[in-house]
Amino acid sequence: MALVPYTETSFPALSKLHNASAHFRFANRDLHLAQDWKKLGVAAVVWDAAVVMCMYLEMGQVDLKGKVAIELGAGTGLVGIVAALLGSTVTITDREPALDLLSANVRTNLPPELHESVAVSELTWGENLQRYPAGGFDLVLGADIVYLEDTFVPLLQTLEHVCSDLSVVLLACKIRYERDTNFLAMLSQRFRTEEVYYEKQRDIHIFKAWKLPPVRDL
Ligand SMILES: C[S@@+](CC[C@H](N)C(=O)[O-])C[C@H]1O[C@@H](n2cnc3c(N)ncnc32)[C@H](O)[C@@H]1O
């Protein structure tokens, strides 16, 4: 499903989504991400939130070296690839239809010595979560994954499953609709949440979140 009604000519600023590839330089490497909007839609293009997340990761505000990370809704995989280049072991996930393009991008953009540090894997939010270790990740990354109201509850369940009390969640968000802020309100009931970065040009917010201790009935 498209995030905005869009044809190739209607919004020149969005025409980059129709390019067969997108190019970036992060972690001292030129990265070339294959895109395929026509075949796979939102999962097969690099969104601004991913670019701003990579900028934020490069700033060094979050410790990535030796960390065990998972990326949710990875799309083309840019964020997971950059996290791996910056020293993390990363499980890069999305829904099944996105995985071929995602795997190809990971292979193309990581040097052979880092292939072992990355796994590409199917994860539909809220489903079969037992396949992923409960509380098993130091860092949970998500770029532009808050946009479908129907997914808010399963996305929150997924965050709760993969996080321990020590995990850090980083979400890069474009706030397009009021409902997007509803997710942030839901998140802040279970996670301590703070905005740590805002990129004005692309209008992307980065939120950091930590799981709150469970509320115990007396
Ligand atoms: C707007 S795209 C963002 C892609 C990428 N993170 C980026 O910023 O370039 C949203 C991503 O969330 C994924 N997604 C949507 N609903 C999902 C669900 N229920 N479970 C898992 N992934 C989902 C889509 O397949 C897509 O890759």
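Throughout these legends, helices (H or I, at least four residues) and strands (E, at least two) are DSSP runs, numbered from the N terminus. The model is predicted, so local features need pLDDT of at least 70 and side-chain atom pairs count only at pLDDT 80 or more, while totals for chains, interfaces and linings use all residues. Residues are numbered from 1 along each chain as its sequence is written, and side-chain values use heavy atoms, with hydrogens and water left out.

**View 1. The hairpin of strand 1 and strand 2, with two residues in its turn.** Strand 1 (residues 21-26) and strand 2 (residues 29-34) run antiparallel and are joined by six bridges; two strands pair if DSSP finds at least two bridges between them. Phe 26 has Arg 29 of strand 2 as its bridge partner. In the loop between these strands you will find Ala 27 and Asn 28. Ala 27 is not a glycine, yet its phi is positive, at about 50°. Asn 28, also a residue other than glycine, has a positive phi near 60°. Ala 27 counts as buried because its relative accessibility is 17%, whereas Asn 28 counts as exposed at 67%.

View 2. Leu 33 belongs to strand 2. With a relative accessibility of 0%, Leu 33 counts as buried. Contact means heavy atoms within 4.5 Å. Neighbours within four places in sequence aside, the contacts of Leu 33 include Ala 20, Ser 21, Ala 22 and Phe 24, together with Val 46, Thr 76, Leu 78, Ile 81, Asn 105 and Asn 109. Val 45 lies 12 residues from Leu 33 in sequence, and their C-alpha atoms are 8.4 Å apart.

View 3. The buried residues are Leu 78, Val 79, Gly 80, Ile 81, Val 82, Ala 83, Ala 84 and Leu 85. Just after the helix comes Gly 87, with a positive phi of about 115°. Ser 88 is in the loop that runs from helix 3 (78-85) to strand 4 (89-94). Ser 88 is buried, its relative accessible area being 2%. A polar atom of the Ser 88 side chain lies 2.6 Å from the backbone oxygen of Leu 64. Not counting residues up to four places away in sequence, Ser 88 touches Leu 64, Lys 67, Ala 69, Ala 83 and Ser 117.

View 4. Look next at strand 7 (residues 163-173) and strand 9 (residues 204-211), an antiparallel pair joined by five bridges. Within this pair, Cys 173 stands opposite His 205 of strand 9.

**View 5. Helix 5 against helix 6.** The axes of helix 5 (residues 152-162) and helix 6 (residues 178-190) come within 11 Å and cross at roughly 35°. This crossing is right-handed, which means that the near helix is turned clockwise from the far one by less than a right angle. Phe 152, Val 153, Leu 155, Leu 156, Leu 159 and Glu 160 of helix 5 meet Arg 179, Asp 180, Phe 183, Met 186, Leu 187 and Arg 190 of helix 6. The residues of this contact divide into eight nonpolar, no polar and four charged. (Ala, Val, Leu, Ile, Met, Phe, Trp, Tyr, Cys and Pro count as nonpolar, Asp, Glu, Lys and Arg as charged, and the others, Gly among them, as polar.) Helix 5 is largely enclosed by the rest of the structure, because eight of its 11 residues are buried. These are Phe 152, Pro 154, Leu 155, Leu 156, Thr 158, Leu 159, His 161 and Val 162. Their cover includes strand 3, strand 6, strand 7, helix 6 and strand 8.

Key: Buried means under 20% relative accessible area, exposed over 50%, partly exposed in between (1.4 Å probe, protein chains only). A polar contact is a pair of N or O atoms within 3.5 Å; within protein, one must be able to donate a hydrogen and the other to accept it, and residues adjacent in sequence count only if both atoms are side-chain atoms. Axes are lines fitted to C-alpha atoms, for helices over the stretch in contact, and angles run from 0 to 180 degrees between N-to-C directions.
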